[in-house]
Amino acid sequence: MTPHSRHLLDRSRLGTALDRDGALAAGASVPLPELMGVAAGLRDEGHGGIVSYSRKVFIPLTHLCRDVCHYCTFAEPPRKGAVVYMSRDEVLAVARKGVEAGCKEALFTLGDKPELRYGAARRALDELGHATTLSYLAEVAKLVFDETGLLPHVNPGVMSHDDIVALREVSVSQGLMLESASERLCEKGGPHHGSPDKKPAVRLETLRMAGEASVPMTTGILIGIGETREERIDTLLAIRDLHDSFDHIQEVIVQNFRAKPDTRMADAPEPVAEELLWTVAMARLILGPHANIQAPPNLSPGVTSRLIAAGINDWGGVSPVTPDFVNPEAPWPHLDRLAGWTRACGKELVERLAIYPAYAVNADRWLAPKFRPAVTRSIDAAGLARTDPWSPGTTEPLRIDIRCGSTGPVTARITSGIDRILARGKRGDGLTEDEIVRLFGTRGAEFEAVCRSADSLRRETVGDTVTYAVNRNINYTNVCSFRCQFCAFSKGKLSESLRGRPYVVDLDEIARRTAEAWDRGATEVCMQGGIHPSYTGRTYLDICKTAKDAAPGIHVHAFTPLEIVQGASTLETRVPEYLERLIEAGLGTLPGTAAEILDDEVRDVICPDKVTTGEWLDVMRTAHRLGLRSTSTIMFGHVEGYRHWARHLIRLRSLQAESGGFTEFVPLPFVHMEAPIYLKGRARRGPTSREAILMHAVARLALNPHIVNIQASWVKLGPRGAKACLEAGANDLGGTLMNESISRAAGASHGQEMPPERMEALIRDLGRTPAQRTTLYTAAAEERVSTSFGALPLTESRFTPAKAFER
């Protein structure tokens, strides 16, 4: 290798895009193993430890095509008596088989504008009620989505602007292989001679117009059809230029030519493996770390591991139902085998949708409105396919086994990068935003490593004791003047049909419930509610005093920063003075709710009229300075992503390093079932099992050494989910609650109370030691502990109807 070439590779490692001269120099002089090594490193930088695929069903709408590519067996001329187009019923039959096999993508493939060449196509289209093939494609793509829910990806060939816009309304993504930017291949004797739709300028224009229309596009390069390496580089550079302009090339396929009988190129030599690997590596160097580069596994079955080593991050669509109609001689590998090959290369096979993750999480820009709810509900926080049936609050059990990190044995290797991050987390070095994001993206063996590291740190920090509090929740009203989009508890639009009638709990009932809680062994009452428009700061003072008068020994844990700001405002006083008045009235600590996601980019979507990130932190900072401690929380799994989670954790860690006032960190998975933002199709179904567990594990590492208590919410996670989190860094199970209204209003099914007997049985089942605690994490008094066991049943709670707020 020349010094110049080494310099080019070093610049590529640092993220500098290769220009044409640099790409030609690197491609000509750098040995293939080193080229592949740099490409693989770039891929790891952009995609970590995963390789993706899409589970699809292949629908060949028609085999007619006006082009005559010399290597193609997909295109066929019309035969007498043969059906020209698949019927609507045939299309649906194939799609339904795909649904039964767990597919999420319907891939429509067809020839280019056959009606311009064949009368048989025109007559068939006329019988179907259409003038063009693309018009019929639009109808059946819509039909498949409406009838089966499969997400259509269409490969319609060269299109006009109007075609692209029309198909955008009925598909989540489109595809057009550039194949080659070489005009030479269209000349007489070339593989594209006689094929007007294969002219590079025409195909590039279609790709450009798709970018203008905000269509996620799949494209790619076909190698071994007579092009030179220089022409391949020019093709990849042309693709990069388009993507730089519109950010719309979601995937680049590097496909190797396969000679097929009965074609003009039947005797043409196929490219050797080294040519394919060279092209994949050059694609990665030219397109960069974040590009999605695919090589079909069925076309190179002997070099799959080397393709990963060369820099791919995707295997493309794999169908458990239909063959590859474009390459029928090359069957797709079984998904179990593909997963095994991928793990053997140190990567985890993950499923995606037809639309790639970066586009799926930005649905408002890249998808027609009709597809946004379906895609959003089908993805995790990274934008990959949601394959986990569990959601927070459901009775569906968590299916991830911490001991193996997945539903099956794991053989993938742990990257040195993950090892370094875990070591820094255990030392308490203060993980960076990028490092935390990387941990949230782990799967398979890396997921297992994160969980084990977090659990080891938990053991070193707080031992094997699992704590819990005997407490009672009192939600004193569900009337609220705010309109948080995630909240199914407060009264608002559709509230009567979803969440019962508006109510308030009067002071006498608060006193009764508090006294009853004390009699049942409670050390705490936790009091929160909606922001009732007639409540003032005086109301919250009265609530505190009422509870303390009813049970002087009870700890009052009440009022989020939202109530504090609102209460102070209504009394025309400053937050510090109002907090001091609350302390005098008996307030003991603040709950850390209303934090949701401490990032205003997210808050502008889910709670635009609530306190800002800065206001929430300022209230907590002020409370801590006054000696009033608080919990901290995150409500996750709706519209946000890993980077928002990382920023949230870092903001909590920074405040804790300053004030030391947080007693614990409580992840609160979003319960979606009745949440307005979910019903509008704008939120996910809460975190996946993996994400819920990782939130506890990553928090243990990211907040170390500042926040040492990590709580698992049995109400949202269920008993099995809570146990999984206790094996991944958590050390606390929260409270027995006695009453729980907020999660149940959102659709949670895990009950309103977990008495001490059940709490301790769950903990002992893990081989851990249970211990009752106070709100401030001191040991509960023995009298409180003994009183809490065998407690009498709760008497029925009383609610005063808020008739003025009934709809």
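Contact here means heavy atoms within 4.5 Å. By that rule, and leaving aside neighbours within four places in sequence, S195 is in contact with D67, V68 and C69. This is a predicted model, in which local features need pLDDT of at least 70 and side-chain atom pairs count only at pLDDT 80 or more, while totals for chains, interfaces and linings use all residues. Residues are numbered from 1 along each chain as its sequence is written, and side-chain values use heavy atoms, with hydrogens and water left out.

**S195**
- S195 is found in the loop between β4 (173-175) and α8 (200-212); helices (H or I, at least four residues) and strands (E, at least two) are DSSP runs, numbered from the N terminus.
- With a relative accessible area of 4%, S195 is buried (under 20% relative accessible area; exposed is over 50%, partly exposed in between; 1.4 Å probe, protein chains only).
- A polar atom of the S195 side chain lies 3.4 Å from the backbone nitrogen of C69.

**H696**
- H696 is placed in helix α28 (residues 689-702) and is buried, with a relative accessible area of 0%.
- Leaving aside neighbours within four places in sequence, the contacts of H696 include P667, I710, L717 and C725.
- Polar atoms of the H696 side chain lie 2.8 Å from the backbone oxygen of A692 and 3.4 Å from the backbone oxygen of Q711.
- The C-alpha atoms of H696 and L679 are separated by 27 Å, with the two residues 17 apart along the chain.

**Helix α10**
- Helix α10 (residues 273-287) has 15 residues, which at 1.5 Å a residue should span 21 Å; the end C-alpha atoms are 21 Å apart, which agrees (expected span: 1.5 Å times one less than the number of residues).
- Of the 15 residues of α10, 13 are buried, so the helix is largely enclosed by the rest of the structure.

**Aromatic rings**
- The whole structure holds 14 aromatic pairs (rings of Phe, Tyr and Trp, its six-membered ring, with centres within 6.5 Å; planes under 30 degrees apart count as stacked, over 60 as edge-to-face and the rest as tilted).
- The ring centres of W616 and F662 are 6.3 Å apart and the planes are at 20°, so the pair is stacked.
- This pair links distant parts of the chain, with W616 in helix α25 (residues 613-625) and F662 in strand β17 (residues 662-669), 46 residues apart.
- W616 is buried at 0% relative accessible area, and F662 is buried at 2% relative accessibility.
- One aromatic cluster is formed by F440, F636, Y642 and W645.

Key: A polar contact is a pair of N or O atoms within 3.5 Å; within protein, one must be able to donate a hydrogen and the other to accept it, and residues adjacent in sequence count only if both atoms are side-chain atoms.
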